[in-house]
Amino acid sequence: MTHQTVGHQRTPDRDGPLADCPDDALVPPGDEPRCPVDITLAALGGRWTPLVLREFLRRGQATYTELSAALPSLSDKVLSDRLAQLTRAGVIERHRIPGWPPRVRYELTGPGRALEPVLRGMWEWGTARRDTSA
């Protein structure tokens with residue numbers, strides 16, 4: 001007897017919060033994500049990105065130095081990459097502060113603030129897992 005791992009039967013009477021996602025959006029034909037979950041993961045993808053976003057949700061805005069101090073495990077390259085990724089995704093905005101030396105302040109955008117329930121859900125799930133394994 002063999003075990004079938006692909007091509008499972010779809011149940012036409014699916015229900016739940018993700019049931020209304022059309023099948024053609026789940027596996028898009030191009031490079032741009034169309035599934036809402038995939039779009040969110042594209043913005044938050046990569047190790048450390050949710051933690052960088054967590055700092056913005058705590059502060060609203062921050063300088064590179066403040067973020068580096070709050071997340072000491074991140075290398076400069078990783079932090080720079082994550083800030084660029086979140087800026088491209090429209091989650092944060094980059095503002096140059098006049099003066100010398102040049103300084104930059106990053107600020108959470110409206111779409112970035114809208115990600116708070118996503119991170120709150122991650123926080124609550126992680127808290128429950130931590131508390132049950134302790």
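Colleague: How many residues has helix α5, and how far does α5 reach from its first C-alpha to its last?

Modeller: Helix α5, residues 76-88, has 13 residues and reaches 18 Å, close to the 18 Å expected at 1.5 Å a residue. The expected span is 1.5 Å times one less than the number of residues, and a helix here is a DSSP run (H or I) of at least four residues, numbered from the N terminus. This is a predicted model, in which local features need pLDDT of at least 70, side-chain atom pairs count only at pLDDT 80 or more, and totals for chains, interfaces and linings use all residues. Residues are numbered from 1 along each chain as its sequence is written, and side-chain values use heavy atoms, with hydrogens and water left out.

Colleague: Which residues of α5 are buried?

Modeller: Leu 79, Arg 82, Leu 83, Gln 85 and Leu 86 are buried, that is, under 20% relative accessible area, where exposed is over 50% and partly exposed lies in between (1.4 Å probe, protein chains only). Seen down the axis of α5, these buried residues fall within an arc of 160°, so they line one face of the helix. The arc is that of the directions from the helix axis to the C-beta atoms.

Colleague: Which exposed residues does the face turned away carry?

Modeller: That face of α5 carries Asp 76, Lys 77 and Arg 88.

Colleague: And what follows α5?

Modeller: Gly 90 follows α5, and the phi of Gly 90 is positive, near 80°.

Technical notes:
Helices (H or I, at least four residues) and strands (E, at least two) are DSSP runs, numbered from the N terminus.
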